[in-house]
Amino acid sequence: MNQSLVMRPLMLAAGLAAMAYAGIALAADTAAAKSVNVPAVIMFLVFVAATLGITWWAAKRTRTTKDFYAAGGGITGLQNGLALAGDYMSAASFLGIAGLVYANGFDGLIYSIGFLVGWPIMLFLLAEKLRNLGKYTFADVASYRLAQIPVRTVAAIASLVVVAMYLIAQMVGAGKLIEVLFGLPYTYAVIIVGVLMVLYVTFGGMLATTWVQIIKAILLLSGATFMALAVLWSFGFDFNAMFNKAIEISPKHDAIMAPGSLVKDPISAISLGLALMFGVAGLPHILMRFFTVSDAKEARKSVFFATGFIGYFYILTFIIGFGAIILVSTNPEYLDAAKKLIGGNNMAAIHLSHAIGGDMFLGFISAVAFATILAVVSGLTLAGASAVSHDLYASAFRHGRVDEQTEMRISKYATVGLGILAIFLGIAFENQNIAFMVGLAFAVAASANFPVLFLAIYWRGLTTRGAVMGGLGGLITAVVLVVLSKTVWVDIFGFKAAIVPYKDPAIFSMPVAFLMAWIFSITDNSERAKTEREAFLRQYVRSETGIGAEGASKH
């Protein structure tokens, strides 16, 4: 790549960054009357500058599609474990779960447990085989022995739906956070986040995204650890004393230590559990990370490290949520005229950081929360762009007959398009709880992506027709049930009553996907189906041994 091709995007990046900075500075000036937190603003701007520096460094090293999509395959197991944790410890995890615990007590823990238990499934069922069979996206694996165009098309559509739903949660979190920090109108806050997100992905690719996630994971774990220790220290590290105080202060009293306030019936509980447990194995931005390491051994190590970091983090969010009940809900400084939390329940962790450490620690935690959102949004956008450029354009439309520079250019166009979509979705879903929105994304991932990926790897009998019908069946069922539930039908469309009584569709849509894949495969007696079944042995050997798998790039 010649010098001018490097400089042009960097100049554009600098220009867009200057626009974002000017917007923030103007907002800070006009919002002076709203008591802007200066330390928070300074740390926020320092983080933006640091991440733009990482993007500049990564842009010089991103020369090929493998560099852009998979960081050249040169990330170590520990680095990728931290990056996976950074990708997974999202705004929904940090802000949303703390907010759910703050509002519902014990029941908020169902999201923490559900988010975590999917990782052993990833470790034992998918990590090694994904690395051995794939190249850039999970559709490479799903279509390994099947017809490329139909399978990749369905996988790309499902991925884009998951990315869109996940982006809603991140953009809402980012908008609310900057709104509180700067006094900036929510709409402008979401636009600034969208611009920065496009910058990082377009010019830095997977390498920039990975290092932003690693740095963010370290900062988030450090900040959350300090918050949890500070809460426990105030009670002499006595959990009973903390819980008793929370029961005394909460208007729900003993009910905050009992299940049933958030998920009220067994079907909803099982459905939510299925979505969170199997959804992680269908999230495109998580699956994509397994192609950034050199081999299957490093892929396994990635999951091992990620599981430890993520499990530790979810313990901290539980303590932070109860700490907010005690230290935030009783302080009028953090409540509005209606005695509701300023910024909504999702801001419980942010307000707790101020209660513990004043303006300086609030500034640190706010900057970390913003880093959390930006890193996850960047990973999501890269996954969505790769679905468009690699799965749809290069493989399905051009049948592999496309050069690397054209594919990368299409990916960057797709990044800009996804950035615009993310901004509109963030504005439209401003008042939804962000952890619940991620639950919806997990339901679609568990219903559309996981069944096809799992059957493609483990069942000899799967055919192209079965994969396509199973994927579409799960996707359509999940989306329709979500639209007809209270979340969309009542809260968004404004109808009086929901057609479907359950908010989480996975208990219905996952069986539909597996059943349709099985029925349409066993009834497929075509010559192509026979060839696909015979190709399973060759796929199995490569998935177990790694013979013929993609290696790391050498620069």
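1. A word to start with: contact means heavy atoms within 4.5 Å. Among contacts in the protein between residues at least 6 apart in sequence, 83% link residues at least 24 apart.

2. Please keep in mind that this is a predicted model, where local features need pLDDT of at least 70, side-chain atom pairs count only at pLDDT 80 or more, and totals for chains, interfaces and linings use all residues. Residues are numbered from 1 along each chain as its sequence is written, and side-chain values use heavy atoms, with hydrogens and water left out.

3. The protein has 21 helices and zero strands; helices (H or I, at least four residues) and strands (E, at least two) are DSSP runs, numbered from the N terminus. Of its 555 residues, 58% count as buried, that is, under 20% relative accessible area (1.4 Å probe, protein chains only).

4. Have a look at helix α2 (residues 38–61) and helix α14 (residues 348–397), which pack at an angle of about 35° with their axes 7 Å apart. Axes here are lines fitted to C-alpha atoms, for helices over the stretch in contact, and angles run from 0 to 180 degrees between N-to-C directions.

5. On the α2 side of this contact you will find Phe-44 and Phe-47, among others, and on the α14 side residues including Phe-364 and Phe-370.

Notes:
Buried means under 20% relative accessible area, exposed over 50%, partly exposed in between (1.4 Å probe, protein chains only).
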